Amino acid sequence: MKDAVLKIENLNVIFHTKYGRANAVTDVNLELRRGEKLGLVGESGSGKSVTSKSIIRLLPSPPAELTGHIWYGDVDLLALPAREMERYRGNRISMIFQEPMVSLNPLYTVENQMGEVLRRHEKGLGRAQIRERVLDMLRRVDIPSPETRLRQYPFELSGGMRQRIMIAMSLLCSPEILIADEPTTALDVTIQAKILDLIHKLNTDYGTSLILITHDLGVIAQTVDYVAVMYAGSIVEKAPVKELFRAPLHPYTAGLLQSIPGSRPDGEELAVIPGTVPSIYRMPGGCAFHNRCGFACERCRAQKPPMTGQNGHYVACWRHGQEEGR
Ligand code: SF4
């Protein structure tokens, strides 16, 4: 695991529900290197958020059943007792959620809820020290008038401000890994650009490794170094970001790229990937994309393609070679 801060090995997540068994994530293998910005991209329901929540063990079990390994150094996070996991969650590995209004506690002031993170993870800090640390972090994420914000409740803040508070809170304990799940989805375009700049700056200044989850390939292109594309609970392609945009190998990735506004020559309509993502209760056999793929053949319908490739660019598709996977 040279240079890797996190290594996901053969992760499978099944939900046992009253409707039956739902295969949310299937055989995910992924590495996050020190200081790297990794993008997880795919349509809704592709397994991105379930994968990221598995890392910090936020999925209630039951109904979720997780198998495989998630290595943080020598520690397999999936094997840790729940209490032990508390030492890592919010401290060494932190997460920014999609909707800050839901994630922040409406009954606590900014100072109270940010201070709680420090009280939980850094025992022995006095009230004045906690306040100073919180203020310092608010300044770092460019919150205007931070002293005033300390006394405010989430409903008194704008969407962009709340997202900055979430980011500040997630960085209080200087995590090694920051997971950002659609951090800009609920924000307007100008605030979105500022939040992405901020995440980029924090990665550069602190060396924090980042996992950015989004369905927006424009955000991926601007922000990350390496991309994993998910479809129907599995990774179907992974590559350095420039390589993925220059030469996508999986028909699903190619379809996603051709559907980005501005990606087509003048006058040409944006491409649409026909059909929809299969239900997690009824995954098709073989390649899960075969019902939507213009290149599907008998083999695609019968056998699931393995991940193969080289030089950091890997794909799960029968149209491509069979070299060893990463
Ligand atoms: Fe299409 Fe077959 Fe490749 Fe799946 S394996 S993406 S169906 S060509």
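Which residue follows helix 1, and is its phi positive or negative? Helix 1 is followed by Arg57, and the phi of Arg57 is positive, near 55 degrees. The model is predicted.

**Helix 1**

- Helix 1 runs over residues 48-55 and contains Thr51.
- Six of the eight residues of helix 1 are buried, so this helix is largely enclosed by the rest of the structure.
- The buried residues of helix 1 are Lys48, Val50, Thr51, Ser52, Ser54 and Ile55.
- Thr51 has a relative accessibility of 1% and therefore counts as buried, the cut-off being under 20%.
- Leaving aside residues up to four places away in sequence, Thr51 touches Ile8, Leu11, Val25, Val28, Leu40 and Met230.

**Helix 8: length and faces**

- Helix 8 comprises 18 residues, 189-206, and at 1.5 Å a residue it should span 26 Å. Its end C-alpha atoms are 26 Å apart, which agrees with that expectation.
- Buried positions in helix 8 are Gln192, Ile195, Leu196, Leu198, Ile199, Leu202 and Asn203. Because these residues cover an arc of only 155 degrees around the axis, they lie on the same side of helix 8.
- An α-helix has 3.6 residues a turn, so residues three or four places apart point the same way.
- Thr190, Asp197 and Thr204 are exposed, on the other side of helix 8.
- Among the elements that cover the buried residues of helix 8 are three strands: strand 3 (37-41), strand 7 (177-181) and strand 8 (209-214). The cover also includes helix 5 (127-140), helix 7 (159-171) and helix 9 (217-223).
- Gly207 follows helix 8 and has a positive phi, near 70 degrees.

**Helix 7 against helix 8**

- The axes of helix 7 and helix 8 come within 10 Å and cross at roughly 15 degrees. Angles under 35 degrees count as roughly parallel, so helix 7 is roughly parallel to helix 8.
- The crossing of helix 7 past helix 8 is right-handed.
- On the helix 7 side, Gly160, Gln163, Arg164, Ile167 and Leu171 make the contact. They meet Ile191, Lys194, Ile195, Leu198, Ile199 and Leu202 in helix 8.

**Helix 4 against helix 7**

- Helix 4 packs on helix 7 at an angle of about 25 degrees, with the axes 9 Å apart. With that angle, helix 4 is roughly parallel to helix 7.
- Helix 4 passes helix 7 in a right-handed crossing.
- Val110, Gln113, Met114 and Val117 of helix 4 contact Ile165, Ala168 and Met169 of helix 7.

**Helix 4 against helix 5**

- The axes of helix 4 (residues 110-121) and helix 5 come within 9 Å, crossing at roughly 110 degrees. Since 65 to 115 degrees counts as roughly perpendicular, helix 4 is roughly perpendicular to helix 5.
- This crossing of helix 4 past helix 5 is right-handed.
- Helix 4 contributes Val110, Glu111, Met114, Gly115, Leu118 and Arg119 to the contact, and helix 5 contributes Ile130, Arg131, Arg133, Val134 and Leu138.
- Val110 and Met114 of helix 4 take part in the contact with helix 5 and also in the contact with helix 7.

Definitions and conventions: Residues are numbered from 1 along each chain as its sequence is written. This is a predicted model: local features need pLDDT of at least 70, side-chain atom pairs count only at pLDDT 80 or more; totals for chains, interfaces and linings use all residues. Side-chain values use heavy atoms; hydrogens and water are left out. Helices (H or I, at least four residues) and strands (E, at least two) are DSSP runs, numbered from the N terminus. The expected span of a helix is 1.5 Å times one less than its number of residues. Buried means under 20% relative accessible area, exposed over 50%, partly exposed in between (1.4 Å probe, protein chains only). The arc is that of the directions from the helix axis to the C-beta atoms. Contact means heavy atoms within 4.5 Å. Axes are lines fitted to C-alpha atoms, for helices over the stretch in contact, and angles run from 0 to 180 degrees between N-to-C directions. Angles under 35 degrees count as roughly parallel, over 145 as roughly antiparallel, 65 to 115 as roughly perpendicular and the rest as oblique. A crossing is left-handed if the near helix is turned anticlockwise from the far one by less than a right angle, and right-handed if clockwise.
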